[in-house]
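Reader: I've just opened my first protein model and I'm a bit lost. Could you walk me through how to read it?

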Amino acid sequence: MRNIVLLGPPGAGKGTQATLLTARYGIPHISTGDIFRTNLKEQTPLGKQAGEYMNKGLLVPDDLVCDLVEDRLTWDDCKEGFLLDGFPRTIVQAERFDAFLEKQGIGLTAVLDMEAPEELLIPRISGRRVCKNCGKVYHVVNMPTKVEGVCDVCGGEVYQRKDDAEETVHARLAVYEEQTRPLTEYYRRTGRLVTIDASETPAHAFEQITAILGE
Ligand code: AP5
């Protein structure tokens, strides 16, 4: 059983590692950002509400996110573990999440704090492209599609996320520093934090993580 939280600023590579880890360990990748983006695309009430915050680079209100995650973790596919990407993101979310875990009688295996300097994050985010159809993540320089604008996997259209526009990226990084960075201390105090050097290749980060999580 592996119950994992991926922490780290926008562009640290949480989604990239989550895809690799899901393939390695067979546990579901639960990305709150992806869930909101799917809802936004489908114009559900949740998506419309979340979109108002996301497009400005702000966090979606805590109650909305916590309710969503708590419900998702009761699904059958989480019985052997889960990989949370982008949650928790505030102290309020972390405290409520701990209370939920305690009630369910489950603990966290590790909180993986992916660290990379800001000068690397901005080009990673601004160069990111995502397939509209299957969600595969690319980068115009580091991981380009074979044919420009077309997903290698499914042939879908590859686009730039609205919140990856440069002015929004700065807001997201500032929000991270102010509201999410304090979580590293929160998890360090309780002995659950593991720092991952995410400044080199995805393979380098993956190697560090699998050394911690085991085969
Ligand atoms: P979310 O979707 O979670 O975005 P994020 O945390 O800002 O993270 P990113 O998706 O930008 O980055 P990543 O670390 O996954 O990087 P990736 O692997 O793609 O959240 C979006 C919004 O939803 C939030 O702003 C908020 O509004 C809302 N939200 C979500 N959760 C919430 C919560 N809990 N509470 C409140 N609001 C919430 O990599 C980035 C790029 O770099 C890619 O192009 C990739 O190919 C490349 N890359 C990856 N690793 C490397 C590497 N090692 N070297 C070189 N390039 C790399």
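Predicted model: local features only at pLDDT ≥ 70, side-chain atom pairs only at ≥ 80, totals over all residues.

Reader: Which residues of α8 are buried?

Author: For burial, look for under 20% relative accessible area. In helix α8 (residues 182–189), L183, T184, Y186 and Y187 are the buried ones. Look down the axis of α8 and those residues fall within an arc of 160°, so they line one face of the helix.

Reader: And what covers the buried residues of α8?

Author: The cover includes β1, α5 (91–104), β4 (110–115), α7 (166–180) and β8 (193–197). Just after α8, look for G191, with a positive phi of about 70°.

Reader: Now strands. Is β3 largely enclosed or open?

Author: You can count buried residues again. In strand β3 (residues 81–85), five of the five residues are buried, so β3 is largely enclosed by the rest of the structure. Both faces are covered, with G81, L83 and D85 on one side and F82 and L84 on the other.

Reader: How many bridges join β1 to β3?

Author: To read pairing, check the bridges and the direction of the strands. Strand β1 (residues 2–7) runs parallel to β3, and five bridges join them; I4 has L83 as its bridge partner in β3. Strand β2 (residues 29–31) also pairs with β3 in the parallel sense, over three bridges, and there S31 is partnered with D85.

Reader: What is the strand order in the open sheet of three strands?

Author: The order is β6-β5-β7, and the pairing is antiparallel. At the edges are β6 (137–139) and β7 (158–159), each pairing on one side only. Strand β5 (residues 128–131) pairs with β6 over three bridges, and V130 stands opposite V137 in β6.

Reader: Which helix lies across β5 and β6?

Author: That's α6 (residues 118–126), which runs at about 40° to β5.

Terms used
Residues numbered from 1 in each chain as written. Heavy atoms only, no water. Buried < 20%, exposed > 50% of the residue type's maximum accessible area, 1.4 Å probe, protein only. Helix = DSSP H or I, 4+ residues; strand = E, 2+ residues; numbered from the N terminus. Pairing = 2+ DSSP bridges. Arc of directions from axis to C-beta. Contact = heavy atoms within 4.5 Å. Axes fitted to C-alpha atoms, helices over the stretch in contact; angles between N-to-C directions.
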